[in-house]
Amino acid sequence: TPPPPGWLMGLEFVNIAGCYMFLGLCLWLAMHASMRADTASTHMLTRFVRLPIPSQGMLDKARKFLASFEEQPLNEVFRVPFTRHQVPGPKAEPGAKVADVDADALRRARHSYDVPAWYRKEREVDGRNPCESVESMMPLTAKSDAPEHFEAYREMQMEWFPYDVYARLCIFLSFMHLLSCWAYLQIGHLLQEDRALFACAIVMLPMFVLQQIILTLDIIPSGFPFHRLGPFGLWTAYIAAVIEYKRWYTPEAQVVGFVFVYISYGLHIIYTLQLIRLCRPADEPPAVAESPGASWWPGEWRLPTAFQHAIWLVAPPKQLED
């Protein structure tokens with residue numbers, strides 16, 4: 001039995017090579033996105049949810065030295081402990097401000113000039129709140145009204161969301177190439193070995209319909225849908241193969257078969273260029289949708305808008321609802 005024609009084997013092997021290529025690329029992108037997301041999860045758990053580990057700068061800021069005693073004014077050095085000092089001296093610094101408390105609590109607490117100078121200085125440096133002396137761990141570029149861990153998560157999500165998105169796109173591309181490869185394989189098998197003309201047509205029909213369904217479900221059309229021309233290459237290749245294996249040879253039929261072969265390759269070239277255009281990152285961010293469940297992502301993300309309904313990513317909001 002002679003082998004299938006070279007043009008049919010070319011279509012088959014190019015599609016199966018594309019399938020394996022996109023599957024391998026999907027594996028690499030998905031592994032990178034998974035490891036980077038796990039790293040970000042560990043970072044969030046150790047820096048925000050659990051107690052933060054102080055840095056050397058925080059430790060230096062918290063500890064005291066004996067030399068600090070010498071930096072105090074003389075009236076503080078010779079102050080009598082456990083006595084009240086509510087009256088300021090002639091060169092006294094402003095007293096420490098106190099929170100809004102009731103009068104009874106104010107009488108029980110030491111405040112104003114009744115506290116040491118070092119305490120007043122620390123309250124002034126720390127912004128009148130000791131908890132604020134802990135350094136913020138939010139990135140400098142993340143500033144909004146959302147909680148700090150929301151902003152930190154959004155900044156870290158920038159490092160793995162493109163790999164996640166394009167891993168999903170690689171699954172789509174590999175499956176489309178696999179369907180085309182199966183169809184061309186059946187053309188070669190049923191026509192070259194079995195001479196089953198109508199059986200081959202019955203195989204082409206579900207393959208063609210399945211590819212059109214996947215394109216409908218995964219792609220939001222914008223402009224003329226050139227990508228829908230790709231599955232028609234199965235039918236033109238089927239007609240060309242039927243002419244290739246017809247019983248009686250005629251030069252006219254051979255020319256018609258060559259025409260359908262070139263049409264099949266042309267449809268695949270247009271189909272591939274259209275998929276490249278659809279899969280490229282968008283130049284402009286999407287419009288903000290206020291309806292619940294609508295597709296939206298931060299403006300700094302560059303994603304393919306044709307697949308925006310099939311991305312399945314959750315980005316933290318920049319503003320909380322009132």
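A residue is called buried here when its relative accessible area is under 20%. By that cut-off, buried residues make up 32% of the 322 residues in the protein chain of this predicted model. The secondary structure comes to 11 helices and zero strands.

**Overall fold and surface**
- Read along the sequence, the elements follow the pattern α-α-α-α-α-α-α-α-α-α-α.
- Of the contacts between residues at least 6 apart in sequence, 72% join residues at least 24 apart.
- The protein chain exposes about 20900 Å², and carbon and sulfur atoms supply 65% of that area.

**Confidence**
- Mean pLDDT for the protein chain is 77, with 66% of the residues at 70 or more.
- Over residues 128-135 the pLDDT stays under 50.
- For residues 128-135 the model has nine contacts beyond four places in sequence.

**Helix α11**
- Helix α11 covers residues 251-279, which is 29 residues.
- From its first C-alpha to its last, α11 reaches 42 Å, close to the 42 Å expected at 1.5 Å a residue.
- The buried residues of α11 are Ala-253, Gly-257, Val-261, Ser-264, Leu-267, His-268, Tyr-271, Gln-274, Leu-275, Leu-278 and Cys-279.
- An α-helix has 3.6 residues a turn, so residues three or four places apart point the same way.
- Gln-274, which lies in α11, is buried because its relative accessible area is 6%, under the 20% cut-off.
- Leaving aside neighbours within four places in sequence, Gln-274 is in contact with Phe-224, Phe-226 and His-227.

**Aromatic pairs**
- A search of the whole structure finds five aromatic pairs.
- One of them joins Trp-28 and Tyr-163, whose ring centres are 6.1 Å apart; their planes stand at 75°, over the 60 degrees required, so the pair is edge-to-face.
- Trp-28 belongs to helix α1 (residues 6-49) and Tyr-163 to helix α8 (residues 161-194), so this pair ties together parts that are 135 residues apart in sequence.
- Tyr-163 has 27% relative accessibility and therefore counts as partly exposed, the class between 20% and 50%.
- Phe-208 and Trp-235 also form an edge-to-face pair, because their ring planes are at 65°; the ring centres are 6.3 Å apart.
- Phe-208 sits in helix α9 (residues 197-218) and Trp-235 in helix α10 (residues 232-244), so the pair ties together parts that are 27 residues apart in sequence.
- The two partners fall into separate burial classes: Phe-208 is buried, with a relative accessible area of 14%, whereas Trp-235, at 24% relative accessibility, counts as partly exposed.
- Ring pairs link Phe-208 and Trp-235 with Phe-232 and Tyr-238 into a cluster.

**Gln-212 in helix α9**
- Gln-212 is found in helix α9, the helix that also holds Phe-208.
- At 12% relative accessibility, Gln-212 falls under the 20% cut-off and so counts as buried.
- The side chain of Gln-212 makes a polar contact of 2.8 Å with the side chain of Arg-228.
- Not counting residues up to four places away in sequence, Gln-212 touches Arg-228, Pro-231 and Phe-232.
- Among these, Phe-232 is also a member of the aromatic cluster.

Terms used: Residues numbered from 1 in each chain as written. Predicted model: local features only at pLDDT ≥ 70, side-chain atom pairs only at ≥ 80, totals over all residues. Heavy atoms only, no water. Helix = DSSP H or I, 4+ residues; strand = E, 2+ residues; numbered from the N terminus. Buried < 20%, exposed > 50% of the residue type's maximum accessible area, 1.4 Å probe, protein only. Contact = heavy atoms within 4.5 Å. Areas by Shrake-Rupley, 256 points an atom, 1.4 Å probe, with all protein chains shown as cover. Expected span 1.5 Å × (residues − 1). Phe/Tyr/Trp six-rings, centres within 6.5 Å; stacked < 30°, edge-to-face > 60°. pLDDT = per-residue confidence, 0-100. Polar contact = N/O pair within 3.5 Å; in protein donor to acceptor, adjacent residues only side chain to side chain.
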